[in-house]
Amino acid sequence: MFELLSQVLRYIFIIIIYLFIFSILRLMYLDIRQMGKRGSSLDNSYLKVVNRLDSLSFKMQEYYVLGGLISLGRSSRNDIVIKDKFVSKNHLTIKEINGSFYLKDLHSANGTYLNGEIINPDEQFELSNGDKIGVGFIQFIFVENR
């Protein structure tokens with residue numbers, strides 16, 4: 001009886017070790033894939049995070065490359081995910097139209113700030129180089145490279 005229990009526990013332990021190794025390899029793969037996205041040249045316009053990343057209770061990148069339609073919010077379905085409790089699930093969008101970028105608040109609970117002033121969710125605002133965008137406790141600077 002003891003030998004059977006010992007064998008079963010041994011196999012369970014081996015399975016747990018393999019699952020642990022698999023999860024580490026999966027995380028490494030996701031990090032490498034994310035680095036590939038991040039490294040897609042900063043010749044494009046991007047959002048630079050102003051906050052000190054080590055002071056945040058959640059993980060963020062230093063910058064986010066913009067292009068096409070970018071959604072930002074707390075939900076994992078967004079292109080830029082911010083796990084701040086003051087950020088709505090679908091907070092804002094940034095859309096590129098003919099080389100210009102437009103910011104639109106999606107009726108978020110705490111609002112979106114552009115250069116220190118809350119924006120009207122029924123309008124979209126053209127972004128200029130150096131604009132400051134406030135979302136929850138996060139501050140971004142819009143950097144336009146042309």
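Here is a walk through this structure, from its strands to its core and its aromatic rings. Keep in mind that you are looking at a predicted model.

Let's begin with the strands. Find strand E1, which covers residues 46–49. E1 pairs with strand E2 (residues 63–65) in the antiparallel sense, over 3 bridges. To see how the two line up, look for Tyr-46, which stands opposite Val-65 in E2. E1 also has strand E11 (residues 138–143) as a partner, again antiparallel, this time over 4 bridges.

Now move on to another group of strands. Which order do the strands of the open sheet follow? There are 5 of them, and the order is E4-E3-E5-E6-E9, with mixed pairing. At the edges sit strand E4 (80–81) and strand E9 (124–126), each of which pairs on one side only. Take E4 and strand E3 (residues 69–73): these two run parallel and are joined by 2 bridges.

Next, have a look at a couple of loops. Most residues other than glycine have a negative phi. Two residues here go the other way. Asn-98 has a phi near 50°, a positive value in a residue other than glycine. You'll find Asn-98 in the loop between strand E5 (92–97) and strand E6 (100–105). Is Asn-98 buried or exposed? Its relative accessible area is 78%, and anything over 50% counts as exposed, so Asn-98 is exposed. The second residue is His-107, with a positive phi near 55°. His-107 lies in the loop between E6 and strand E7 (112–114), and it is exposed too, with a relative accessible area of 55%.

Gln-61 has its place in the loop between E1 and E2, yet Gln-61 is buried, with a relative accessible area of 14%. The reason it gets that label is that buried means under 20%. For a sense of distance, the C-alpha atoms of Gln-61 and Leu-127 are separated by 21 Å, and these residues are 66 apart along the chain.

Ser-100 is another buried residue, with a relative accessible area of 13%. Ser-100 has its place in strand E6. What does the side chain of Ser-100 make a polar contact with? The partner is the side chain of Glu-126, at 3.3 Å.

Time to go inside. In soluble globular proteins, nonpolar side chains tend to be buried together. In this model, the largest nonpolar core has 24 residues, and those with the most contacts inside it are Met-60, Ile-82, Ile-94, Ile-133 and Phe-140. At least two residues of this core come from each of E1, E3, E5, E6, strand E10 (132–135) and E11. The largest share, 3 residues, is supplied by E11.

Finally, the rings. A pair of aromatic rings is described by the distance of the centres and the angle of the planes. The structure holds 4 aromatic pairs. One of them is Tyr-64 with Phe-140, an edge-to-face pair at 6.3 Å centre to centre with 75° between the planes. Because Tyr-64 lies in strand E2 and Phe-140 in strand E11, this pair ties together parts that are 76 residues apart in sequence. Both partners are tucked away: Tyr-64 is buried at 9% relative accessible area, and Phe-140 is buried at 0%.

The rings of Phe-86 and Phe-137 have centres 4.9 Å apart and planes at 85°, so this pair is edge-to-face as well. Phe-86 lies in the loop between E4 and E5, and Phe-137 in the loop between E10 and E11, so the pair ties together parts 51 residues apart in sequence. Phe-86 is partly exposed, at 33%, while Phe-137 counts as exposed, at 56%.

Notes: Residues are numbered from 1 along each chain as its sequence is written. This is a predicted model: local features need pLDDT of at least 70, side-chain atom pairs count only at pLDDT 80 or more; totals for chains, interfaces and linings use all residues. Side-chain values use heavy atoms; hydrogens and water are left out. Two strands pair if DSSP finds at least two bridges between them. Buried means under 20% relative accessible area, exposed over 50%, partly exposed in between (1.4 Å probe, protein chains only). A nonpolar core is a set of buried Ala, Val, Leu, Ile, Met, Phe, Trp, Tyr and Cys residues joined through side-chain atoms within 4.5 Å. A polar contact is a pair of N or O atoms within 3.5 Å; within protein, one must be able to donate a hydrogen and the other to accept it, and residues adjacent in sequence count only if both atoms are side-chain atoms. Rings of Phe, Tyr and Trp (its six-membered ring) pair if their centres lie within 6.5 Å; planes under 30 degrees apart count as stacked, over 60 as edge-to-face and the rest as tilted.
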